[in-house]
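Please look over the model shown here before reading on. The paragraphs after it go through a few of its features in turn.

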Amino acid sequence: MHPHLVCFNPECRKTYGISEVLYNCPSCQGLLEATYDFGALDAPTLKKLWRDRRMDNAPLEQSGVWRYRELFPFLEDLSHVVTLREGNTPLLGAPRAAEYGGLDRITFKHQGFNPTGSFKDNGMTGGAAQARRLGMKRVACVSTGNTSASMAAYAVAGGLDPLIFIPNGNISYGKLAQALEYGAKTFQVDANFDQILALVRVLAEKLGIYLLNSINPFRIEGQKSIVIEMMDQRDWKVPDWIVLPGGNLGNVSAFGKGLREMLAVGLIDRLPRLAVVQAEGSSPFYEFMLDGGAGDFVSQTHPETLATAIKIGDPVSWPKARFEIQTTNGVVERATEQEIADAKAVIGHSGIGCEPASAATLAGIRKLTAAGVIDKAADVVAILTGNVLKDPDYIYKYHTGQLKDPGGAPIRSTFGNAPVVVPNDADRIAELIG
Ligand SMILES: *Cc1c(COP(=O)(O)O)cnc(C)c1O
Ligand SMILES: [Zn+2]
């Protein structure tokens with residue numbers, strides 16, 4: 001069967017054409033996902049093909065996303081692809097972080113090495129390609145974070161106009177600065193996130209704008225490449241755990257789908273367990289999964305965390321995320337602001353560094369090993385979702401003892417490293433260094 005879109009709601013499962021402009025199922029408002037017939041794919045052939053492509057200088061093969069396109073063949077015409085050579089992110093060992101996390105060893109897959117500094121690029125290259133395939137001239141999202149930075153870059157690189165809508169008084173300057181620099185038209189609207197989303201949907205119909213918000217199924221397809229590339233880099237040896245932060249829960253949805261499809265095609269022989277870590281002040285999915293996800297999903301009206309990339313009270317992809325956690329025998333954990341801040345400093349002190357949301361992984365791992373959920377000897381890959389330079393203000397405050405949680409309570413600089421003020425005196429400085 002040709003690639004198509006299917007409703008994720010198990011009671012609906014209606015299908016739609018792959019080039020229909022849809023964000024939710026028109027019948028039941030459920031989430032949509034792309035599906036394909038992988039019947040003809042042969043695992044050994046694919047593994048060799050993908051390895052050979054790493055030696056190829058063609059832009060499409062240099063992309064750590066499109067190199068693996070056989071697992072997301074939604075485009076008929078690959079000339080629609082916009083690539084900034086996304087993906088290609090390293091696996092990094094970090095003994096100091098492993099010890100802090102209660103593990104013998106840990107591997108970080110650092111998505112902050114992407115062109116705009118976060119994993120959003122893996123997905124955005126997929127979403128931008130679909131926008132071009134549909135003949136759209138403009139793309140839009142509601143975000144002040146990494147999504148807008150990434151969308152702006154991919155849109156202008158592909159000749160599309162990026163439009164960013166931001167709620168009043170809710171601005172993340174480092175990331176917004178990227179979007180401005182890449183040339184996105186930015187509208188600050190005096191309304192909350194949900195009101196703006198409704199507004200943008202009206203505008204989208206009126207003006208032929210393609211929405212690249214988190215539920216866009218083609219962004220999810222691109223994000224599958226994170227786990228595909230990870231397995232390729234590990235010579236297809238499946239880890240025991242993959243740990244990642246959770247906000248809107250698009251990434252865990254993409255990981256689960258990618259892993260299931262790799263298993264179906266025979267690229268891997270089992271599924272790893274997925275662990276999602278949320279910030280305590282923004283943890284509706286954690287609450288929901290306490291009883292296995294059997295109850296009603298209750299969103300949070302006022303999520304609070306300094307890890308702004310996961311400050312999401314109403315995560316749109318929760319039905320997919322629940323399914324993937326259940327399917328992989330996964331778990332959901334949460335970490336306090338203090339735990340995230342300290343874990344972040346430990347990752348920094350490993351010579352690696354990441355933005356606050358990413359550090360929720362190590363904070364969560366430390367708790368999960370202490371609780372005996374993750375074994376000390378387990379093979380664990382943690383996803384660092386964003387670059388250390390995304391949030392320098394947070395870093396300076398932490399190391400100088402000025403960081404406060406959203407409620408105004410001080411965060412201890414457990415691993416603080418403040419600059420030392422010294423006189424212009426070699427003997428005195430030598431003494432201090434000595
Ligand atoms: C978007 C983002 C997240 C959250 O990912 P979801 O798919 O929304 O769960 C985590 N960390 C960083 C750095 C992000 O940009
Ligand atoms: Zn439906």
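Predicted model: local features only at pLDDT ≥ 70, side-chain atom pairs only at ≥ 80, totals over all residues.

Residues are numbered from 1 along each chain as its sequence is written, chains are lettered from A and ligands numbered from 1 in the order in which they are written, and side-chain values use heavy atoms, with hydrogens and water left out.

The zinc ion (ligand 2) is held at 2.3 Å by the SG atoms of Cys7, Cys12, Cys25 and Cys28. Donors are N, O and S atoms within 2.8 Å of the metal (3.2 Å for Na, K and Ca); water is not among the atoms, so sites may look incomplete. Along the chain the donors have the spacing C-x4-C-x12-C-x2-C. Cys7 lies in strand S1 (residues 4-7) and Cys28 in the loop between strand S2 (15-17) and strand S3 (32-35), so the pair ties together parts that are 21 residues apart in sequence. Helices (H or I, at least four residues) and strands (E, at least two) are DSSP runs, numbered from the N terminus. Cys7 is buried, at a relative accessible area of 0%, whereas Cys28 is partly exposed, at 28%. Buried means under 20% relative accessible area, exposed over 50%, and partly exposed in between (1.4 Å probe, protein chains only).

Now to the helix pairs. The axes of helix H5 (residues 146-157) and helix H6 (residues 173-182) come within 8 Å and cross at roughly 15 degrees, which means that H5 is roughly parallel to H6. Axes are lines fitted to C-alpha atoms, for helices over the stretch in contact, and angles run from 0 to 180 degrees between N-to-C directions. Angles under 35 degrees count as roughly parallel, over 145 as roughly antiparallel, 65 to 115 as roughly perpendicular and the rest as oblique.

Helix H8 (residues 217-233) and helix H9 (residues 250-265) pack at about 60 degrees, with axes 8 Å apart, so H8 is oblique to H9.

Pro284 is placed in helix H10 (residues 284-289) and is buried, with a relative accessible area of 3%. Leaving aside neighbours within four places in sequence, Pro284 is in contact (heavy atoms within 4.5 Å) with Gln278, Phe297, Val298, Gln300, Ile312, Gly313 and Pro315.
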